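Morning, everyone. I have one structure to walk through today. Let me put it on the screen.

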Amino acid sequence: MSSNLVRYFKYHLNEHSATASRNLSTWTGTCYLTPLIGAFVADTYIGRYWTIATFSIIYAFGMGMLTLSASVPRLKPTCYEKDVCTATKAQIALCFTSLYLVALGTGGIKPCVSSYGADQFDDHDEVEEKQKSSFFNWFYFVINIGALVAHSVLVWIQDNVGWGWGFSIPTIAMGIAVISFFSGTKLYRNQLPGGSPLTRLCQVAVASFRKRKIEVPLDSSLLYESSEEAGFSNSGSRKIDHTLDLVFFDKAAVVTPNGSINPWNLCSVTQVEELKAVIRLLPIWATGIIFSTVYAQMSNLFVLQGSTLDPRVGISGFEIPPASLGVFDTISVVFWVPVYDRVIVQVARQVTGQQNGLTQLQRIGTGLFISIFRMVCAGVLEVVRLQIVSRNDYYELDRIPMSIFWQVPQYFLIGCAEVFTFIGQLEFFYDQAPDSMRSLCAALQLTITALGSYVSALLVTIVTIISTWGGGAGWITDNLNYGHLDYFFWLLAGLSLVNLGAFVVLARRHTYRKPAAAGRNSNASHHRQHPPRRPLSLLPWPQLTIHRQHHPQLPPAHSHCTSPSKNPKLSPPHHTPPRSHTSLSRNHKTLGFQLLRRWHHIRTTKNQSQKSHITNVVETNIKGTDNFQKRCHHQ
């Protein structure tokens, strides 16, 4: 949608080049900042499914308003000829109100869609774990198929048919997308929200500060951890092994002699490690901002640069819109995704021994390196263009006799860098995020693009002020033939080089997060047997380790479905099938229903020794509860 907006702002809303560029950057940045709102709502209150559903409707409503603002005679700008229009303040206000409704709708979709898709894969199944890595590649591939249509067909319609049709087509497409999403409702695996992630992070910070004078024991086993078994924390996340960095926050897990079990005074090791994991993401997050600043030029200054070049294709007379050059970025992504997934990964796997070929940080760094050359290409092209203008006195020409297809290399390099950096960031922020904060961390990754757009707008503003000081024309002028856009491109290339150096230093110091193989208090073996793979339509196995003090929603001890056994462990230590979606067990309202699911496992397993062992444990837990036995025999 944003690929051609800068031209709509300039030629239909009659904005100056710098103003149009700044407004586009601000709107784009907002689209990538609102995901923080959507992520918080998803992780804290309604889950990813309902967040996507609700915000998709808001997005569609905003698109409908935008279509009306460009179609209805009294609402759309008044045009006297092609690209010569004026707009009233009310028309401009309606346009931007619609766009910022779209930005709000985007906030609930972007942070949840990729995470929700990855949720459908089981982290403890080796086959599905590999499929999840490929999922991020093909997820980005499909997005760019849509971008391919937007940069080619849609942009042509906007420039040659009209902006009313240009906005109505994506509105209809969004409506179809909403219907398609709801049609698959019965097939999805849903992870329930685990409570406010910000609250848990703040609890660790407060508890650490309160106990700042206390020494952390050398033996990490003395630190407090929740008593739940099977490798899961109270919030439904997998437990995380203790790490040795950021030791100050370990104070939050130190048990004091007279201390109360207050979440603002005592936090579990997993909770502390969740905060550490988020803090470790921040340096890598920061190095992505300059990359996104460079990426923002594709739908911004690259389009304005293309507007000064000859758009004709051969001798046919067909003119390609400047924004349609973005199709080569999409073609590059469509080309590089399968090449990376099927060729580069296989070759790199033989060299590095990594399951995914390159580590996530190696992949991101490769993209940052490539991004330097795309700005070099853009800068060289602008130098050559200005030389042609100066040599032939083309200053007053809107388009000089130089083919627009000279921009193709810089767009192709953008696509190549995207495949490495953006997809690498998607996987990195999902994999390194605590289970209950994945939407929030996905939103954190998206804020990279937001800040990149804001930095782009800030740089344009600063450069315009400095370069026009004393009455000069400036670098970015309304007529680019009098400006020095190449200087701006060289500035971005230099910033990208410095940014790459900082990334290499930070990446070498980064420690990857590793979930605990089992609970700290569990006797479970690291070589657990997992249940056979099942269709996605089946719910994952519930967590069968129950501690009533951590599950107040469970029925009282005299309920007809509870076990009279004093042993809180309802499953044998060597046969608990750990799942990443354990928080789903909260859907099971009674302990009896959880035992029914275990009884079903007894009936379906093919391992006779396992069946016998589990049967003995279950019968021990349900002994003396006649009503429950009847229900088991009925099953």
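Start with Leu246. Leu246 is partly exposed, with a relative accessible area of 32%. On the terms here: buried means under 20% relative accessible area, exposed means over 50%, and partly exposed is in between, with a 1.4 Å probe and protein chains only. Leu246 lies in the loop between helix H7 (197–210) and helix H8 (269–295). Helices (H or I, at least four residues) and strands (E, at least two) are DSSP runs, numbered from the N terminus. The phi of Leu246 is near 50°, a positive value in a residue other than glycine.

Before I go on, some ground rules. This is a predicted model: local features need pLDDT of at least 70, side-chain atom pairs count only at pLDDT 80 or more, and totals for chains, interfaces and linings use all residues. Residues are numbered from 1 along each chain as its sequence is written, and side-chain values use heavy atoms, with hydrogens and water left out.

Now the overall picture. The protein chain has 17 helices and 2 strands. Of its 635 residues, 54% count as buried. Contact here means heavy atoms within 4.5 Å. Take the contacts in the protein chain between residues at least 6 apart in sequence: 81% of them join residues at least 24 apart.

Back to single residues. Asn14 also has a positive phi, about 60°, although it is not a glycine. Where does Asn14 sit? In the loop between helix H1 (5–11) and helix H2 (17–31). Asn14 is exposed, at 51% relative accessible area. Leave aside neighbours within four places in sequence, and Asn14 is in contact with Phe9, Cys85 and Thr86. Val84 is 70 residues from Asn14 along the chain, yet their C-alpha atoms are separated by 7.8 Å.

Next, Thr308. This residue is in the loop between helix H9 (301–306) and H10. Is Thr308 buried or exposed? Thr308 is buried, because its relative accessible area is 7%. Beyond its neighbours within four places in sequence, Thr308 is in contact with Arg385, Asp398, Arg399, Ile400 and Leu480.

On to H10 itself. Arg342 is found in this helix, residues 326–352. Arg342 is exposed, with a relative accessible area of 54%. Arg342 and Ser134 are 208 residues apart in sequence, and 9.7 Å apart in space, C-alpha to C-alpha.

Now a helix pair. The axes of H3 (residues 35–69) and H13 (residues 438–467) come within 8 Å and cross at roughly 170°. That makes H3 roughly antiparallel to H13. Axes are lines fitted to C-alpha atoms, for helices over the stretch in contact, and angles run from 0 to 180 degrees between N-to-C directions. Under 35 degrees counts as roughly parallel, over 145 as roughly antiparallel, 65 to 115 as roughly perpendicular, and the rest as oblique. Which residues make the contact? From H3, they include Pro35, Leu36 and Arg48; from H13, they include Arg438, Leu440 and Thr447. The contact divides into 8 nonpolar, 2 polar and 3 charged residues. Ala, Val, Leu, Ile, Met, Phe, Trp, Tyr, Cys and Pro count as nonpolar, Asp, Glu, Lys and Arg as charged, and the others, Gly among them, as polar.

Last topic: rings. A search of the whole structure finds 28 aromatic pairs. Rings of Phe, Tyr and Trp (its six-membered ring) pair if their centres lie within 6.5 Å; planes under 30 degrees apart are stacked, over 60 edge-to-face, and the rest tilted. Tyr49 and Trp50 have ring centres 5.1 Å apart and planes at 85°, so the pair is edge-to-face. Tyr49 counts as buried, at 9% relative accessibility. Trp138 and Phe141 are edge-to-face too, at 5.1 Å centre to centre and 70° between the planes. Those two are 3 residues apart in helix H5 (residues 126–160), so about one helical turn separates them. Trp138 is partly exposed at 27%, while Phe141 is buried at 18%. There is also an aromatic cluster of Tyr49, Trp50, Tyr116, Phe181, Phe182 and Tyr188.

The charged end of Arg212 sits over the ring of Phe209, 4.2 Å from its centre. That of Arg374 sits over the ring of Phe291, 4.6 Å from its centre. The test is NZ of Lys or CZ of Arg within 6 Å of the ring centre and within 35 degrees of the ring normal.
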